[in-house]
Amino acid sequence: MLRFQAMLDTVPDGIVIIDAEGRIQTFNPACERLFGWTAAEVIGHNVKMLMPPPYREEHDGYLERYHRTGERRIIGIGREVTGLRRDGTTFPMELSVGEAWREAGGGGVYIGIIRDISERKRAETALREREARLTSILETVPEAIIVISERGLIESFSPAAERLFGYSAAEVTGRNVSLLMPSPYREQHDRYMDHYLTTGERRIIGIGRVVSGLRRDGSVFPMELAVGEVQLAGHRCFTGFIRDLTERQATEKRLQELQAELLHVSRVSAMGQMASTLAHELNQPLTAVINYAKAVKRLLDRPDGADKARETMDKATAQAARAGQIIRRLRNFIEKGQTEHTVESIGKVVEEASALALVGAKERGVHVRLEMSGDERPVLIDKIQIQQVVLNLVRNAIEAMAESEIRELTVATGPDPESAALMRVTVRDTGPGLNDTVLAQLFQPFVTTKEKGMGLGLSICRSIIEAHGGRLWLEPGEEGATFAFTVPVAGEDDAP
């Protein structure tokens, strides 16, 4: 008995022992701390004094029904109920009741074990509030949010992601996130995840980049992707934040068009100034050549004028050479410019340029396929210039397919089959192709098939590529038009 009393005094849970009439027989120290009553104040009183309504009114009827029918609602089961302290405050508690023994008269003795769950309830309430706030954020944030497991399976798909990709959350949950990627990302994704989990090498996690997404209807669109990593109870998952760049790039395109218009105006003005300067610079030597030529003609009519004529012809030749030097100086001035060659991934360069060039492609009904080679080596290029070439070729292809029934655009990268020192980029469309007249002078300046084109794009593109040590050409015998160009692979001594 002493050991039983010692246990009652030291156990952290409250223990109340009542008789068959509900009168308190034992009230341990944990109960005193929990309810605010002393044992002497409650022993002999009905246990319902520790209960707020409606438990207080139900208690005696419940005991009587249990004695009569054996129906159990809490005895031997346990449940969450509410307790009443001496100061009138209530608190949540977990109550387990067991029948200890029966007395000689047939009445039972019951032991109640009470655990205060106020802290747990507060934690659960705080957790529900955090979940509600998080749900509210996920439902209203304009950026799409996708959570995937370390195996690439979608665990969460926000409403913004549903609107952006055209899938419902129920349709994609549990499926591989590569479902939302066009080729070649779809085929490469699982391999990239395995590589990251094995080596820890990051290519996009914690970095972010511009990539392409694939909607349910098969259309491709440019997007900005940032990925974060988190550990939850030993479970690793990744959160992707996605921003649709279609509208932003459409705005940037309009700004570029305005800049191009301003550039055109300034170019016309500059050409006028250049023409004026050139006329002034060339006027003197050309006038001298004409005068010397007239003088030679007069000297040749004189019997003794041969020697003088030769001398005059030498002067005319010198003036003509001077005019040639002026032209060469002007050409050198135009051609010279500082470029910055860096080591780049040709796939990433082409991908970023394509994302910008494809603004509006969906509205025109163009289906795009990016084919990036897995056997990619870094190249040494001026990134901005090469992206300008890709942008020009892709936009030309989209415009060429404006009247075609089938509008498919393929942009591919890979090693050049003719040289291990080069990487090749190919832009293929299903347009009407080029006629023989245009083909004969395709890369010449001021040759164009566009109604408002200047005919300088391909000429400039070829100059850029040749300046890099590569070449730009039109593949023969292809349906539609297929342009290809090469750029040099970076050497071992080239700094990244």
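This is a predicted model: local features need pLDDT of at least 70, side-chain atom pairs count only at pLDDT 80 or more; totals for chains, interfaces and linings use all residues.
Which residues of β6 lie on one side and which on the other, and are they buried or exposed?

**View 1. Strand β6, covered on both faces.** On one side of β6 sit Ala144, Ile146 and Ile148, on the other Ile145, Val147 and Ser149, and all of them are buried.

**View 2. The partners of β6.** Look for strand β10 (residues 235-244), which runs antiparallel to β6 and is joined to it by six bridges. Here Ile145 stands opposite Phe241 in β10. Strand β7 (residues 154-157) also pairs with β6 in the antiparallel sense, over three bridges. In that pairing, Val147 has Ser156 of β7 as its bridge partner. β6 and β7 form a hairpin with four residues between them, and Gly152 in the turn has a positive phi of about 85 degrees.

**View 3. The antiparallel sheet around β6.** Step back and you can follow five strands in an open sheet, in the order β7-β6-β10-β9-β8. At its edges are β7 and β8 (209-214), each pairing on one side only. On average, neighbouring strands of this sheet are turned by 35 degrees against each other, direction ignored. β8 pairs with strand β9 (residues 220-232) in the antiparallel sense over six bridges, and Val210 finds its bridge partner in Glu224 of β9.

**View 4. Two helices lying across this sheet.** Helix α8 (residues 185-199) lies across β6, β8, β9 and β10, and runs at about 140 degrees to β10. Helix α11 (residues 346-357) lies across β8 and β9, running at about 65 degrees to β8.

**View 5. A mixed sheet of five strands.** This open sheet has the order β12-β14-β15-β17-β16, and its pairing is mixed. β12 (367-372) and β16 (472-474) stand at the edges with a single partner strand each, so one side of each is left without a neighbour in the sheet. Neighbouring strands are turned by 15 degrees against each other on average, direction ignored. Within the sheet, β15 (residues 422-429) and β17 (residues 481-488) pair in the antiparallel sense over eight bridges, with Thr426 opposite Ala484 in β17.

**View 6. Helix α14 and its packing.** The buried residues of α14 (residues 457-467) are Leu458, Ser459, Cys461, Ile464 and Ile465. They pack against α12 (383-400), β16 and β17. After the helix comes Gly469, whose phi is positive, near 90 degrees.

**View 7. The largest nonpolar core.** This core has 66 residues, and those with the most contacts inside it are Phe165, Leu409 and Phe485. Its largest share, eight residues, comes from α12. Leaving out residues up to four places away in sequence, Leu409 touches several residues, among them Leu358, Val394, Ile398 and Val427. A second, separate core of 21 residues includes Ile18, Phe35, Val47 and Met93.

**View 8. Gln387 in helix α12.** Gln387 is buried, with a relative accessible area of 15%. Apart from neighbours within four places in sequence, Gln387 is in contact with Val349, Glu352 and Ala353.

Definitions and conventions. Residues are numbered from 1 along each chain as its sequence is written. Side-chain values use heavy atoms; hydrogens and water are left out. Two strands pair if DSSP finds at least two bridges between them. Axes are lines fitted to C-alpha atoms, for helices over the stretch in contact, and angles run from 0 to 180 degrees between N-to-C directions. Buried means under 20% relative accessible area, exposed over 50%, partly exposed in between (1.4 Å probe, protein chains only). Contact means heavy atoms within 4.5 Å. A nonpolar core is a set of buried Ala, Val, Leu, Ile, Met, Phe, Trp, Tyr and Cys residues joined through side-chain atoms within 4.5 Å.
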